[in-house]
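Subject: Handover of a structure

Dear colleague,

Please find the structure below, followed by an account of what was found in it. I would be grateful if you could read the account with the coordinates open beside you.

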Amino acid sequence: SAGIPDGDDLLIPIAAGRPDRPKHSSGVSRWQRTGGTWQPVAYEPVTPEDNSIEPSLVRDIDGSLLFMARGRRESGPPLRIWRLARGRTDWELIIHRQRLVNSTPVTLNSAADGTPYMLTNLYQPEFKLPPGVHSDGGISRLEPKGWRGERTTLCLWALNDARDDFETPLLVRDP
């Protein structure tokens, strides 16, 4: 997602790893303008070192930050959203759902009125195509060979007012 202003700084969600660790975390990097260029000055991990991907960051209506990251296919894939309340220093896990989304791209956004929402493909269990059959309705899965996942139906899930779950998804694209 795009950088989120925080005073004179920008907050940008990233996945970051260390050379001596086999897995990376996802978190928030802080950037400052120094000497005419933007430079990263800090990184705060939000997820554990579990190879989380596709981190997104938005500012909620009340000024808190919402951070989302998806786990990898082999871990569910879990979808998790954390909240950093204004004035706090610790991220609180507010949503943790399994099998809400496929192993497909996902992003957290905010509407013009500030309502946070998630945009991703509708969850469809994977299915095995018979040998020799090709489909244009899905993207070939890398492993195991021959599996396909559905990536054409797009849904929008607004977060509820309590920010502990999603409203009923809205279908925004169904080719």
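Is Asp165 counted as buried, partly exposed or exposed, and what is its relative accessibility? Asp165 counts as partly exposed, because its relative accessibility is 28%; the class between buried (under 20% relative accessible area) and exposed (over 50%) is called partly exposed, with a 1.4 Å probe and protein chains only.

Two remarks on the source come before the rest. This is a predicted model, in which local features need pLDDT of at least 70 and side-chain atom pairs count only at pLDDT 80 or more, while totals for chains, interfaces and linings use all residues. Residues are numbered from 1 along each chain as its sequence is written, and side-chain values use heavy atoms, with hydrogens and water left out.

Salt bridges

A salt bridge is taken as a side-chain nitrogen of Lys or Arg within 4 Å of a carboxyl oxygen of Asp or Glu. By this rule the count comes to 11.

Asp165 takes part in one of them: its side chain meets that of Arg97, at 2.6 Å from N to O. Arg97 lies in strand 8 and Asp165 in the loop between strand 14 (154–158) and strand 15 (170–173), so the pair ties together parts that are 68 residues apart in sequence. Arg97 is partly exposed, with a relative accessible area of 31%. Strands here are DSSP runs (E, at least two residues), numbered from the N terminus.

Arg83 forms a salt bridge with Asp62, and the closest N and O atoms are 2.7 Å apart. This pair links distant parts of the chain, 21 residues apart: Arg83 is in strand 7, and Asp62 is in the loop between strand 5 (53–59) and strand 6. Asp62 is partly exposed, at a relative accessible area of 45%.

In the salt bridge between Arg88 and Asp90, the closest N and O atoms are 3.0 Å apart. Asp90 counts as partly exposed, at 39% relative accessibility. Asp6, Asp9, Arg30 and Arg59, for their part, are linked in a network of salt bridges.

Strand 7 and its partners

Strand 7 (residues 78–84) is mostly covered, with six of its seven residues buried. Two strands are said to pair if DSSP finds at least two bridges between them. Strand 6 (residues 65–70) runs antiparallel to strand 7 and is joined to it by six bridges; here Ala69 stands opposite Arg80. Strand 8 (residues 92–98) is likewise antiparallel to strand 7, again with six bridges, and Trp82 stands opposite Leu93.

Four strands form an open sheet in the order 1-2-3-4, with antiparallel pairing. Its edge strands are strand 1 (4–6) and strand 4 (37–45), each of which pairs on one side only. Within this sheet, strand 2 and strand 3 pair over seven bridges, and Ala16 has Ser25 of strand 3 as its bridge partner.

His24 sits in the loop between strand 2 (9–16) and strand 3 (25–34). His24 counts as buried because its relative accessibility is 16%. Its side chain reaches the backbone oxygen of Ser52 at 2.9 Å. Beyond its neighbours within four places in sequence, His24 is in contact (heavy atoms within 4.5 Å) with residues including Ala15, Pro48, Ile53 and Arg72.

Yours sincerely

Conventions: Polar contact = N/O pair within 3.5 Å; in protein donor to acceptor, adjacent residues only side chain to side chain.
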